Amino acid sequence: MSLTSAATLATLDRTGPRRITDLAAVEGVTQPAMTALVRVMEESGLVERQGDASDKRVTLVCLTEAGASYVRTRRQTGVHAFERLIGELTGDEVEALVAALPALKHLAELE
């Protein structure tokens, strides 16, 4: 899976259903490129298109259960990779990471 596909799935998981134009802007690709990407992910069963209850002209892209499961699995894989790497650090290096956690959390909230 491409990085853009994975990032798009993560965006949908984090923010909920979105318009294709919104997804294109967030992921930094053109609207036609996002349309093609959504079509591929839809064919793979990772996303589906649904109507917007507040505007019948709008179609939203939503995660399917398979898409949400993919995002969870990918995140868990990343967690395990970090656990292994952190296990190789010295005590002082682990303490430095712990001290940096508030700043890292703040960075994540700025997104």
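Modeller: What follows looks at helix 3 and then at the parts around it. This is a predicted model, in which local features need pLDDT of at least 70 and side-chain atom pairs count only at pLDDT 80 or more, while totals for chains, interfaces and linings use all residues. Residues are numbered from 1 along each chain as its sequence is written, and side-chain values use heavy atoms, with hydrogens and water left out.

Helix 3 covers residues 31-43, and threonine 35 is found in it. Helices (H or I, at least four residues) and strands (E, at least two) are DSSP runs, numbered from the N terminus. Threonine 35 counts as buried because its relative accessibility is 18%; buried means under 20% relative accessible area, exposed over 50%, and partly exposed in between (1.4 Å probe, protein chains only). Leaving aside neighbours within four places in sequence, threonine 35 is in contact with Ile20 and Arg49, where contact means heavy atoms within 4.5 Å.

Helix 3 also packs with helix 1 (residues 3-15), at an angle of about 80° and with the axes 11 Å apart. Axes are lines fitted to C-alpha atoms, for helices over the stretch in contact, and angles run from 0 to 180 degrees between N-to-C directions. That angle makes helix 1 roughly perpendicular to helix 3; angles under 35 degrees count as roughly parallel, over 145 as roughly antiparallel, 65 to 115 as roughly perpendicular and the rest as oblique. Helix 1 brings Thr4, Ser5, Thr8 and Leu9 to the contact, and helix 3 brings Met34, Leu37 and Met41.

Two of these names return in the largest nonpolar core, which has 15 residues: Leu9, Met34, Val47 and Val61 have the most contacts inside it. A nonpolar core is a set of buried Ala, Val, Leu, Ile, Met, Phe, Trp, Tyr and Cys residues joined through side-chain atoms within 4.5 Å. Helix 1, helix 2 (20-27), helix 3, strand 2 (55-63) and helix 4 (65-86) each supply at least two residues of this core. The largest share, four residues, comes from helix 3.
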